[in-house]
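These notes are meant for a colleague who is opening this structure for the first time. Please keep the sequence and the model side by side while reading the points below.

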Amino acid sequence: MGRVYNFSAGPAVLPEEVLKEAAEEMLDYKGTGMSVMEMSHRSKAYEEIIQTAEQDLRDLLNIPDDYEVLFLQGGAHQQFAMVPMNLMKNKVADYIVTGQWAKKAFKEAQIFGNAKCIASSEDKTFSYIPDCSDLPIDDDADYVYICENNTIYGTKFKTLPNTKGKVLVSDVSSCFLSEPVDITKYGIMYGGVQKNVGPAGVVIVIIRKDLITEDTLPYTPTMLKYKTHADAHSLYNTPPAYGIYICGKVFKWLKKMGGLEVMKQKNEEKAKILYDFLDSSKLFKGTVVKEDRSLMNVPFVTGDADLDAKFIKEAKAAGFENLKGHRSVGGMRASIYNAMPKEGVVALVEFMKKFEEENA
Ligand SMILES: *Cc1c(COP(=O)(O)O)cnc(C)c1O
């Protein structure tokens, strides 16, 4: 049994090289005589793993010194709560709702204060990104929140919203490290790593240091304060040690590939192959406004639910896995993250062409 082309939205495909290296080091990590899974997180060997991972991430994203990098747990969902608990000093926050994940974060923030939806694309099933150049941002807003790449719907913010000087918080789970970004535009950028970076269980938070304070909402648990983890360099309690080790290997792989500028080119090239086909196909159609298309998640439909199901079944038999769209939208979705090789996208398009001919 060989490896399939895995188009899962997450947990998702990882670079084969990284998996092979991890396999080689499984029983004996660099002469320690043990697996990274069996190692104390306070050991010299592990200290080097987490410090190297952080430095490589800093290099890749050009993270300035006035930003902290935290390796945490609880997934993106935990950030839906941690963000308001740590940032809502005035108890006001503005949310831009462009999909289920942004909506969930917005709902969670309402537990803690006056979270307001200042823009939404729900009127057209989240198939576009609203104009965010002049939004009614509250003078007292502690932050403006976005989900930058909408994993389920396949849209992406191509320009960041005008926050009128307010702190920008962004969930980048499904576009993390897919292209270069200017970190200084963000107060917090965070992402669960199981989409584009590593195995489930790690969430990376990049946060401007002045936003890390003792002044959190009352009853904020110690574990949910950014300060706790910043002070302890992500080693306050036992971190998701093996997951961070794999993330570190992915960072090395990205550096070896040439960094995020090169990844952006590769991702654009891959996405173009699929979108060009969708635009020319008589059977398959993309579901998103062209200007807002994601490079990472590509949803499409035939317009006939039975034919969609037939396609997904035949694709699976041909070695194309996890093409079923999210349960809330149906149809198909191809997630083509960093680790999806171009050959995988080319092969998928060939398969789609053949299916189109056979089902004309
Ligand atoms: C997958 C996903 C989430 C949820 O992540 P969990 O780690 O399961 O909490 C949140 N936001 C985005 C953009 C996602 O893609």
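1. Some terms come first: a residue is called buried under 20% relative accessible area, exposed over 50%, and partly exposed in between, with a 1.4 Å probe and protein chains only. By that scale M26, at 31% relative accessibility, counts as partly exposed. This is a predicted model, in which local features need pLDDT of at least 70 and side-chain atom pairs count only at pLDDT 80 or more, while totals for chains, interfaces and linings use all residues. Residues are numbered from 1 along each chain as its sequence is written, and side-chain values use heavy atoms, with hydrogens and water left out.

2. M26 is placed in the loop between α1 (16-24) and α2 (44-61), where helices (H or I, at least four residues) and strands (E, at least two) are DSSP runs numbered from the N terminus. Together with L27 and M37, M26 makes a nonpolar surface patch of about 330 Å². Patches are made of residues with over 30% relative accessible area and no salt bridge, like charges being joined within 9 Å and nonpolar side chains (Val, Leu, Ile, Met, Phe, Trp, Tyr) within 5 Å. The accessible areas come from the Shrake-Rupley method with a 1.4 Å probe, and for residues only the protein chains shown count as cover.

3. An open sheet is formed by three strands in the order β11-β12-β14, with antiparallel pairing. β11 (285-286) and β14 (332-335) stand at the edges with a single partner strand each, so one side of each is left without a neighbour in the sheet. Two strands are taken to pair if DSSP finds at least two bridges between them.

4. The bridges of this sheet can be followed residue by residue. β11 and β12 (residues 297-301) run antiparallel and are joined by two bridges; G286 has F300 as its bridge partner in β12, and K285 has V301. On the way to β14, four bridges join β12 to that antiparallel strand, and V298 is partnered there by A334.

5. How much of β12 is buried? Four of its five residues are, and the strand is therefore described as mostly covered. Helix α7 (residues 260-280) lies across β11, β12 and β14, and runs at about 20° to β12; axes here are lines fitted to C-alpha atoms, for helices over the stretch in contact, and angles run from 0 to 180 degrees between N-to-C directions.

6. Side chains of opposite charge can pair when their charged atoms come close. The structure holds 26 salt bridges, a salt bridge being a side-chain nitrogen of Lys or Arg within 4 Å of a carboxyl oxygen of Asp or Glu. One of them joins K252 to D56, with the closest N and O atoms 2.7 Å apart. This pair links distant parts of the chain, since K252 is in helix α6 (residues 241-257) and D56 in helix α2, 196 residues apart. K252 counts as partly exposed at 44% relative accessibility, whereas D56 is buried, with a relative accessible area of 4%. Both residues belong to a network of salt bridges that also links D59 and K255.

7. Another salt bridge is formed by D279 and R293, whose closest N and O atoms are 2.8 Å apart. D279 lies in helix α7 and R293 in the loop between β11 and β12, so the pair ties together parts that are 14 residues apart in sequence. D279 counts as partly exposed at 39% relative accessibility, while R293, at 11%, counts as buried.

8. Which residues does V197 touch? Not counting residues up to four places away in sequence, V197 touches L14, F176, L177, C247, V250 and F251, contact meaning heavy atoms within 4.5 Å. V197 lies in the loop between β9 (188-192) and β10 (203-208) and is buried, with a relative accessible area of 1%. V197 and Y337 are 140 residues apart in sequence, and their C-alpha atoms are 9.0 Å apart in space.

9. E108, found in helix α4 (residues 100-110), is partly exposed, with a relative accessible area of 27%. Leaving aside neighbours within four places in sequence, E108 is in contact with F80 and A81.
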